[in-house]
Amino acid sequence: MHSFTALFLIAFSFISVSAALPYKTLVAPIVKDTKTSLYSITLNSREKYVIDINAPLSWRLCQTPASPVSCYAPQCIQARSFLSGMCPPANNIWMKYGQCQCVVTPVNSVAKSCALGNFTYNNFILSWTNGKNPTGVAKLNKTYFSCAPNTLFKSLPQGVSGLAALSRAPLAFSSQLAPSNLGVAKKFAICLPSTNSAPGVTFFGDGPYIFAHYIPAAQLDASKILSYTPLLKKSNSVEYYIGVKGISINGKASKFSPNAFAFDSNGNGGVKLSTLVPYTVLRSHIYKTLLNGFSKVTKNIPRAKNVSPFGLCMKASALGWSRVGLMAPTIDLELGNGAKWSMIGAHSMKVVGNDVACLAFVDGGKTAKEAVVIGSYQMEDNLLQFDLAASRLGFGSLTGLRSSCTRFNFTSAV
């Protein structure tokens, strides 16, 4: 009798999502906040959560009493393995009769702030998709996160509900919103929009990922255009790193010191991806080499006064325009496995007004922790697939194929 009851409850707990099967992929919109250059995923129909692909734990403002999680629960033990040193000691709350409530440390990496928060869970609503449109509602029960105080929202877009962690951590939304028991592959893809006029898209699960094409009635399956490179694992980190051997400009390799992009013996260095950093940041010696090389191949383009935080600006009309943006030299990241991440003008140059475009890379200083942090501007209108099971990154530019991250059709197919 007890085993039957348990089986019934398990089946009931997923009844809200099973009706939408056989689809195995979930989808949610991404919106850009131009004031902060941050991106938010929309969950529960209208709640926006800032995307941080390197955070270990999601958090939100809890407006109603949160369901407590026991400090003996395995989820609490997992969450507390990522306690932040920026916070005061996070002691669990002991209650009557020997019960205790789990306390964790939600972090806002934009403002570099931390708080103590009660660990809790709730239901989250997304949509199933066939890759072309949303096909039905998916309600994922008992999704874990931390409560957070109002003070933790400093520097975030106005009106957001919290932060969505999409790191490698076991309780990040990247894993919790891809439930294997429902047949969802352990991977997710983000496509950050370059505008706030229409949403980009997040997929949890495998492709197809269908976007409208510039040819009327044509469709682009972005899962078919991806190149791949391994995701590197750094000790005691849930962040995403890739291997880079060098940088080329218009096919010509720039000269760097040996191991310029590698981890050192202290674990510093490497090439990290970040959705919180607006423009790719490079250590000074890497930045200067890129700047000098780019300056040489654009030496005939009239210069303009530099606009902070950029170090090289020029007359945009002199570069010229194509159907996919500014006709700037192509910058290639030469990846460790031989693949290339190519950045055309739309990804490497930022138009700042008054016929001025600037090289959209930033000098991070001589002692920057990472050799390179690939920022969100270089990710915009690229589909990035994080395959957690295979530990690899898939990447492909929609811009070069005359599409964009805003071309997914969120009109329901039902």
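In which loop is the place of S37? The place of S37 is in the loop between β1 (25-33) and β2, where helices (H or I, at least four residues) and strands (E, at least two) are DSSP runs numbered from the N terminus. The structure is a predicted model, in which local features need pLDDT of at least 70 and side-chain atom pairs count only at pLDDT 80 or more, whereas totals for chains, interfaces and linings use all residues. Residues are numbered from 1 along each chain as its sequence is written, and side-chain values use heavy atoms, with hydrogens and water left out.

The secondary structure of the protein chain comprises 8 helices and 34 strands. The radius of gyration of the chain is 22 Å, close to the 22 Å given by the globule rule for 414 residues, so the chain is as compact as a globular protein of that length; this radius is taken over C-alpha atoms, and the rule is 2.2 Å times the number of residues to the power 0.38. Along its principal axes, the C-alpha trace spans about 80 × 50 × 40 Å. Of the 414 residues in the protein chain, 52% are buried, a term that denotes under 20% relative accessible area, with exposed set at over 50% and partly exposed in between (1.4 Å probe, protein chains only). Among contacts between residues at least 6 apart in sequence, 68% join residues at least 24 apart, contact being defined as heavy atoms within 4.5 Å.

The protein chain exposes about 18,800 Å², of which carbon and sulfur atoms supply 54%; accessible areas come from the Shrake-Rupley method with a 1.4 Å probe, and for residues only the protein chains shown count as cover. The chain has 38 positive and 15 negative side chains, and the centres of the two sets lie 2 Å apart. In this count, Lys and Arg are positive and Asp and Glu negative, while His and the chain ends are not counted, and the place of a charge is taken as NZ of Lys, CZ of Arg, CG of Asp or CD of Glu.

The protein chain is divided into domain 1 (25-207) and domain 2 (219-401), with bounds that come from an automatic or database domain assignment. The centres of domain 1 and domain 2, taken over C-alpha atoms, are separated by 27 Å. To the contact between them, domain 1 gives 32 residues and domain 2 gives 28 residues. L383, which lies in strand β33, is buried, with a relative accessible area of 0%. Although L383 and V201 are 182 residues apart in sequence, they are 9.2 Å apart in space, C-alpha to C-alpha.

Several residues were then considered individually. T42 is placed in strand β2 (residues 38-43) and is buried, with a relative accessible area of 11%. When residues up to four places away in sequence are not counted, T42 touches A28, P29, E47 and K48. S161 is found in the loop between β11 (134-147) and β12 (162-165) and counts as buried at 15% relative accessibility. Apart from neighbours within four places in sequence, S161 is in contact with residues that include E47 and K48, and also with Y49, R60, L61 and F153. V352, by contrast, lies in strand β29 (residues 349-353) and is partly exposed, with a relative accessible area of 31%. With neighbours within four places in sequence left aside, V352 is in contact with V307, F310 and C358. V352 and A316 are 36 residues apart in sequence and 9.5 Å apart in space, C-alpha to C-alpha.

Attention was also given to the backbone. Most residues other than glycine have a negative phi, and most peptide bonds are trans. In S37, however, phi is near 55°, a positive value in a residue other than glycine, and S37 counts as partly exposed at 22% relative accessibility. D381 likewise has a positive phi, near 60°, and is a residue other than glycine; D381 is found in the loop between α8 (376-379) and β33 (382-387) and, at 9% relative accessibility, counts as buried. A cis peptide bond with omega of about 10° joins G207 and P208, and P208 is found in the loop between β14 (200-204) and β15 (210-212). The peptide bond from S308 to P309 is also cis, with omega near 10°, and P309 lies in the loop between β23 (303-304) and β24 (313-315).
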